[in-house]
Every structure is written in C-alpha cells, then in structure tokens.
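Here are a few exercises to work through with the model open. Try each task before reading its solution.

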Amino acid sequence: MRVSLKSVTRLVVVHPRPNLSVRGFSLPQSNAPTLLLPLHSHRPAKTLLRIATPLFRCCGCAPMSTLLVRDKIHLSDTERAIFDRLLATLRHFSLQTQLRVAGGWVRDKLLGKECYDIDIALDNMMGTEFVDKVREYLLSIGEDAQGVCVIESNPDQSKHLETARMRLFDMWIDFVNLRSEEYTENSRIPSKQRFGTAEEDAYRRDLTINSLFYNINTDSVEDFTKRGISDLKSGKIVTPLPPKATFLDDPLRVLRAIRFGARFEFTLDEDLKVAAACDDVKDALAAKISRERIGTEIDLMISGNQPVKAMTYICELTLFWIVFSLPPEFEPTISDGCERLCISCLDAAWNLIHLLGGSTFTAEQQRLTLCAAMFLPLRDTTYREKKAKKIPVVNHIIRESLKRKAKDAEMVLNLHQASHKFLSLIPCLVSSDDVQVVDHDWMRDLVDVPVSSRVRVQTGFLLREVKDYWRVALLISTILHHPIDIKDEPSQLKKRSDLFNTVENSIIKLGLEKVWDIKQLINGKDVMDALQLKGGPLVKQSLDKAMAWQLAYPSRTAEECIEWLRETNSKRVKLQ
C-alpha cells in the first residue's frame with residue numbers, strides 16, 4: 001500500500017515476511033526479531049512502502065558490552081617530544097593558551113590503539129597564529145620548522161575551518177581553534193562560527209566517543225559531555241546532543257555514526273536509530289550532503305573491518321535506497337526487500353574471503369569483490385539515459401549515487417559479466433570426466449578451436465579479460481552457483497569454498513594462472529602479411545583466432561600458427 005510521506009509519522013512493527021526472490025536469490029521467511037522503524041520507500045520524496053529488514057547474521061558482529069578502556073593516556077616518545085615543544089612554546093611567549101588534542105586520537109589512545117592523526121584545539125587563538133609562535137620558538141633553539149602550511153576551509157571535504165599544519169618529529173599536526181557553530185536548514189555548512197569553550201566544542205561533535213579531549217597542559221583527559229568515557233567503555237554510539245537535531249544540522253553524521261558503530265562493533269543508541277530512520281533526517285541526508293561525501297563514507301565502510309555490519313545498519317535504518325539511490329526509471333521492477341538480498345550477498349562474499357584466507361585478495365580486490373557482491377541482485381536491472389542504450393543501474397549507483405571513479409563502475413560490471421561466464425565453465429573445470437563446454441555467444445567466433453581444447457581456450461580468454469581479478473570473478477560466480485539460503489548458509493559457505501578451491505586448482509593445472517602475461521605468437525602485421533589484408537575488423541578477428549589456437553596448442557610455434565591461419569582463411573573464402 002502506498003501512503004503519503006507527510007501523513008505517516010507513526011512507527012510500525014513488521015511481522016514475519018514471505019519469501020523474497022531476485023533472479024536466483026531467495027530469502028526464506030524468518031522468525032528473527034524485527035526492528036521498530038518508520039515506514040520507508042525506494043523513492044523517499046514520493047511514497048512510503050512497508051519494507052521489513054531482518055537482523056543479519058554477520059561474522060563477529062555481536063556488539064561488545066564492555067571494553068577495556070585505559071584510565072590514562074600513555075604517550076609514545078614521539079608524542080611526548082611533540083607536546084614538550086608545544087608547552088615550551090607557551091612558556092617562551094608567556095601564553096595562557098590551553099592546548100587540547102581532540103577527537104579520534106583521544107578515543108584510540110584510551111582504547112590502547114596507536115593513532116597518528118593529531119588535531120590540536122586552541123582556546124584563545126587561531127591555529128595559524130600559534131603555528132607562527134611554534135616556528136619562531138623552534139628557530140630560537142636551532143631546530144627547523146618543517147612543512148608549515150595553511151589548509152583553507154573546504155566544506156565539501158568536511159573542512160569547515162581554516163587549519164594550520166606543521167610537521168614535528170616526522171608527524172603532521174593540525175591546529176584549529178575551539179568553536180561553536182550554527183547551521184541553516186538547507187546546508188550542513190555552519191552559517192555562523194565563533195570561538196567557543198571546550199564544552200561547547202565537545203557538544204558540537206558528532207558522537208560522545210569523539211568528543212573527548214586530552215589536555216596537554218594538565219596531562220589529563222577531559223569529558224565535557226559527562227558520558228564520552230562511559231559510552232566508550234560500554235560500547236555505545238550516542239550523540240552529545242539530541243540525535244535528530246544533531247543529524248539535521250549535519251546529516252553526514254548519520255553515516256559516521258554507522259561507520260564508527262561498525263568499526264568498533266558498538267551498539268547504536270535506540271534514540272539515535274529512530275532519529276536516523278525518520279523522514280526528516282533521510283530527506284536532509286539526500287538534500288544536504290554531496291554524493292561525493294556519501295561515497296567517501298561508504299568506501300570507508302566497505303574497506304573497513306566490518307563492512308557487513310555497516311551495510312546492515314544502513315539497511316536496518318531504511319537508508320539503503322537513500323544512499324544507493326536509483327535512476328528515476330528502470331526495468332525490471334526491483335522487488336521489495338531487494339536490499340536484504342544485497343546485504344546477504346555481501347555477507348556471503350565477506351565470509352568466503354575470510355574462509356579462503358586474507359592473502360588470496362589484495363585490499364583493492366577485496367573492496368571491489370564486496371561492491372560486486374553487494375550489487376549482484378541488481379546486475380540485470382537497467383535504465384535508459386536520454387533514450388540511449390540500456391545501462392546497468394549498478395553503473396548509475398557507483399558513478400552518480402556514490403560519485404566513485406569510472407574504473408570502479410567498469411570493473412564491477414566486468415566482474416558481473418565474467419562471473420556469469422564462469423558459471424558455464426564451472427561444470428567442466430570441476431569434473432574429472434571429459435565434459436565439454438557448451439557453445440556460447442561470447443565464443444561463437446572461435447568455432448575453429450578443437451572440441452578437446454575448448455575448456456582451456458574459453459577459460460584462457462575469460463582470464464585474459466579480467467586478468468588479476470579472475471579469482472574475484474570466480475568468487476562471485478560461486479555465490480551465483482550456490483544461491484543465498486539463510487537457513488543453510490554455513491553449509492552453503494563450505495560448498496562455495498570447496499568449489500572455489502577446486503576451480504582454482506583446475507585453472508592452475510591448465511597453466512592459465514597468469515595467462516594474460518603470455519605474449520601472443522603473432523601480431524597484426526603478421527596477420528596482414530599472411531592473409532594479404534590492409535587492416536579492418538578481420539585483423540582483430542584473426543588475432544583472436546590465433547590466440548585461441550595458441551591456447552589450444554601451447555607448445556606450437558609462430559610459423560605453425562601462421563600456416564594454420566592461412567588454411568582456415570582459405571576454407572572461409574571458399575565457403576563464401
């Protein structure tokens with residue numbers, strides 16, 4: 001049922017769902033607890049739909065109840081040397097300035113983690129003014145002031161204030177003044193900024209765990225919100241001020257809350273979840289935040305240590321189609337609950353990556369694996385741009401909704417195509433019998449390849465398409481080969497892992513692991529000389545046939561390849 005956005009403000013409890021399916025994927029009815037959330041829609045500006053989101057089972061995603069948080073910050077030798085120079089600057093110029101390290105450095109140090117991102121907040125002067133003092137002091141004691149610079153404010157990159165930067169003991173240090181901010185309704189960029197107190201600065205932060213200060217002057221941790229340390233210990237994601245007001249001021253904080261919640265495996269505060277899922281905040285997220293900033297946050301989540309948990313939060317808070325917005329028109333229609341299938345595919349890929357071992361994929365390959373897996377249920381959905389040819393909606397999501405690089409979209413689409421091709425080769429590559437591959441459109445021009453060699457040839461061509469990413473395409477194809485089934489997912493995971501290893505070993509035995517590095521025996525000039533061509537598409541077609549012949553007969557020579565090419569061309573001419 002479609003309901004007006006403005007007419008619905010209540011919350012609904014969604015009961016167990018019927019089966020959902022999207023081209024080879026299915027999610028069975030579940031009796032898992034459901035989330036109390038507002039109604040939501042694929043089109044937030046138009047209508048609302050009742051969409052239930054299950055609580056996904058993710059490896060290692062259980063929230064921590066208590067964390068070991070240190071009572072005092074332990075400085076490294078380098079940090080102590082840096083802070084000693086800054087305090088000496090205060091004494092040298094008789095300054096009454098309080099120096100406070102703000103934000104993530106304090107949080108990470110209290111958790112016993114190293115952090116090399118030091119941001120220092122000043123209570124009574126601008127960062128540029130203090131950096132000049134530090135430089136003057138260092139020169140007076142015979143030390144160099146390195147890398148002094150000023151970073152202009154850039155709201156698009158979340159730099160709302162001019163920042164002074166310098167390098168001390170091979171570490172970059174940023175200096176800004178404490179501030180208080182006011183926001184307008186239609187922008188996340190502060191409309192007014194002024195010097196603020198440390199307490200005001202703490203309360204303007206996105207989360208309580210990021211609102212802590214380390215006072216360099218007093219060597220102490222300051223918790224002006226009175227709950228930053230307790231939330232850190234209990235593993236809670238909470239905003240210093242009421243969450244709805246915090247998110248409406250800067251809706252990007254919704255995604256930051258999700259990212260930090262996933263990263264530290266913390267629990268999102270219930271009031272925060274209700275605020276994040278409300279229509280006003282979703283509308284603000286869509287309207288006030290640039291797509292580049294949204295894409296950057298999603299990249300950080302996907303590349304982080306808990307991507308499934310992060311995307312599950314986005315799904316549970318009914319933000320999925322706000323973040324991964326779709327074009328106005330597309331076909332076929334996307335089923336309600338498709339976002340759940342996307343998260344389940346992501347979960348399957350993430351678990352399989354870890355089961356196979358971290359060294360199987362590089363960090364970049366892992367990132368693109370997860371992107372390709374998450375958008376797998378959308379692989380056959382297309383749209384038309386200005387009545388042009390059909391374009392996959394996945395391309396729109398990556399290029400327009402997230403404003404990622406064109407090569408990311410191209411690679412994800414290539415992986416979807418390659419994984420589909422892998423599906424047809426899997427029966428041949430896993431069988432010990434002489435199973436021959438079925439003819440396919442993508443190999444129709446290579447009919448001259450001997451039947452006995454077609455598995456090697458077609459596999460070789462596929463690997464030459466995706467090169468180093470063939471294992472990624474193979475992993476995606478195992479998800480297609482064993483569709484998502486939450487009721488039996490541990491068993492399915494083992495089947496996918498076994499299938500991946502079997503196919504990988506077969507490819508290695510065929511000598512194709514680095515087939516794209518194999519130099520072709522003949523080049524375009526050889527083809528033109530042998531077939532008396534002056535160029536044109538026949539040259540490319542002949543080179544492909546020659547490569548197929550080379551893969552079929554890996555020990556043959558260039559002369560034999562040219563002779564075979566002449567013979568097949570002569571037969572073709574006679575048949576015309």
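Some ground rules: buried means under 20% relative accessible area, exposed over 50%, and partly exposed in between (1.4 Å probe, protein chains only). This is a predicted model, where local features need pLDDT of at least 70 and side-chain atom pairs count only at pLDDT 80 or more, while totals for chains, interfaces and linings use all residues. Residues are numbered from 1 along each chain as its sequence is written, and side-chain values use heavy atoms, with hydrogens and water left out.

**Exercise 1. Cysteines**

Classify Cys149 and Cys338 by burial, then count the disulfides.

*Solution.* Start with Cys149: its relative accessibility is 30%, so it is partly exposed. Cys338, at 1%, is buried. Next, take a disulfide as a pair of cysteine sulfur atoms within 2.5 Å. The cysteine sulfur closest to that of Cys338 belongs to Cys342 and sits 4.3 Å away, so that's too far for a bond.

**Exercise 2. Helix α19**

Compare the span of α19 with the expected one, and find which helices its buried residues pack against.

*Solution.* Helices are DSSP runs (H or I, at least four residues), numbered from the N terminus. The expected span is 1.5 Å times one less than the number of residues. Helix α19 covers 489-509, 21 residues, and reaches 30 Å between its first and last C-alpha, close to the expected 30 Å. Its buried residues, among them Leu493, Phe500 and Ile507, pack (contact: heavy atoms within 4.5 Å) against α13, α16, α17 and α18. Just past α19, Gly511 has a positive phi of about 75°.

How values were computed. Helix = DSSP H or I, 4+ residues; strand = E, 2+ residues; numbered from the N terminus.
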